[in-house]
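Here are my notes for your review. Please read them with the model open.

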Amino acid sequence: MSYTTADPGPPALRLASTGTLTYGLSVGEVLGVSTLNGARLIAGRAGLERVVQRLNVMEVPDILSWVKPNELLLTTGYPLRNTPQSLDNLVSDLDERGLAALAIKLGRYLDSLPAEMIAQADRRGFPLILLPNDVGFDDILNQVLTDILNRQAAVLARTEEVHRALVQIVLCGGGLQEVVDEVATLLDVAVVVLDGEQRVLAGAGPDEHVQAMRAFDAGRHAACGRGGCGIIGAHGTGDHLVVPVMAGGFDHGRIVAFSPGGTLRGTDLGILERAATVAALVVTKQQAVAAVESKYRADFLRDILAGRAGGDDRIVAHCGGFGWDLDRPMMVVVAELDGRPRGAVSPEGEGKVVR
């Protein structure tokens, strides 16, 4: 009998993915979901703020080869039923790999947990959760993962909303000051934009906080990405976040958020990154405008020196348009470049005018 091969048609669209969610739930929030109403935290209370971004089930004894950071690991203890001594070091091994917590269902394969395992979890702040017997792993996986995805979607939606608001500010003619004003209001923190020389280009928030950021950044981040703090990308701690302002491969400075009370959250980093993108757009636009204005000024000076600029009244009016104040004593200097044959004219003009 022969079989025909089905035509698979065009290849399906495959979206690139890292396989890891950016945001998640704290262990304390996970314990609050309805499927874990009967769960008990038996050790590691200090680690309730650890973030859960993934879930995994322990099915093999060599689980350490398969776990990833920020995971909630579920197990019945079946892989360890014949090797209870492995439990003594399980907490330290999982903690060193960055796991968020371990949830265990006792009674079927394991009757109890060693006292050393519980003590070790308390020392490390690694949450150990005792699961109720009447809850299936599938229910836990479905609900916790759904809540994580909902949190991810909410954060992304807010970040996109902020991005649109900041872009609208720029489209309506706003500059760096309006951008940092909006970010400071949204995050309820102080925000500054620094150029590459650590000069404050714009700042918003309480004056004492803005001043604190000047001293803080000059002291600890005076050369972020260039040997100062040693960190190139976005980074920070509980009281500050630092994001580089990059455009076209050029480093234009930093945007910094500061909250002395440590109220900044990991989700705020996404908003600050969008603000850095918009700030880079503003800086690039300002540089383009400055370049054009500089060319107009240079052309005007050449016209004056060549006698093509018109009468005195027209020249004075034109200078006023450039913001040049001629109603004061002036000195004009005509210079010749060293090494240039006498009589040669430089492309920039016959000389330079010093005001």
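1. How many bridges join S6 to strand S7, and do they run parallel or antiparallel? There are 3 bridges between S6 and S7 (residues 128–130), and the strands run parallel. Bear in mind that this is a predicted model.

2. S6 also pairs with strand S5 (residues 71–75). Here 4 bridges join the two, again in parallel. Leucine 102 of S6 stands opposite leucine 73. In S7, leucine 102 has leucine 128 as its bridge partner.

3. Side chains alternate between the two faces of the sheet in a regular strand. In S6 (residues 101–104), Ala101 and Ala103 point one way, while Leu102 and Ile104 point the other. All of them are buried.

4. The connection deserves a look. S6, helix H3 (residues 115–124) and S7 form a β-α-β unit, and this unit is right-handed.

5. Now the charged pairs. The whole structure holds 10 salt bridges. One of them joins the side chains of arginine 151 and glutamate 29, at 3.0 Å from N to O. Arginine 151 sits in helix H4 (residues 137–171) and glutamate 29 in helix H1 (residues 27–30), 122 residues apart.

6. Aspartate 95 and arginine 50 meet in a salt bridge of 2.8 Å, N to O. Aspartate 95 is in helix H2 (residues 87–96) and arginine 50 in the loop between strands S2 and S3, so the pair ties together parts 45 residues apart in sequence. Aspartate 95 counts as buried, at 16% relative accessibility.

7. Glutamate 96 pairs with arginine 124 in a salt bridge, with 3.7 Å between the closest N and O atoms. This pair links helix H2 to helix H3. Glutamate 96 is exposed at 58%, whereas arginine 124 is partly exposed at 33%. Arg50, Asp95, Glu96 and Arg124 are linked in a salt-bridge network.

Note on methods. Residues are numbered from 1 along each chain as its sequence is written. This is a predicted model: local features need pLDDT of at least 70, side-chain atom pairs count only at pLDDT 80 or more; totals for chains, interfaces and linings use all residues. Side-chain values use heavy atoms; hydrogens and water are left out. Buried means under 20% relative accessible area, exposed over 50%, partly exposed in between (1.4 Å probe, protein chains only). Two strands pair if DSSP finds at least two bridges between them. A crossover is right-handed if, with the strands pointing away from the viewer, the path from the first strand over the helix to the second runs clockwise. A salt bridge is a side-chain nitrogen of Lys or Arg within 4 Å of a carboxyl oxygen of Asp or Glu.
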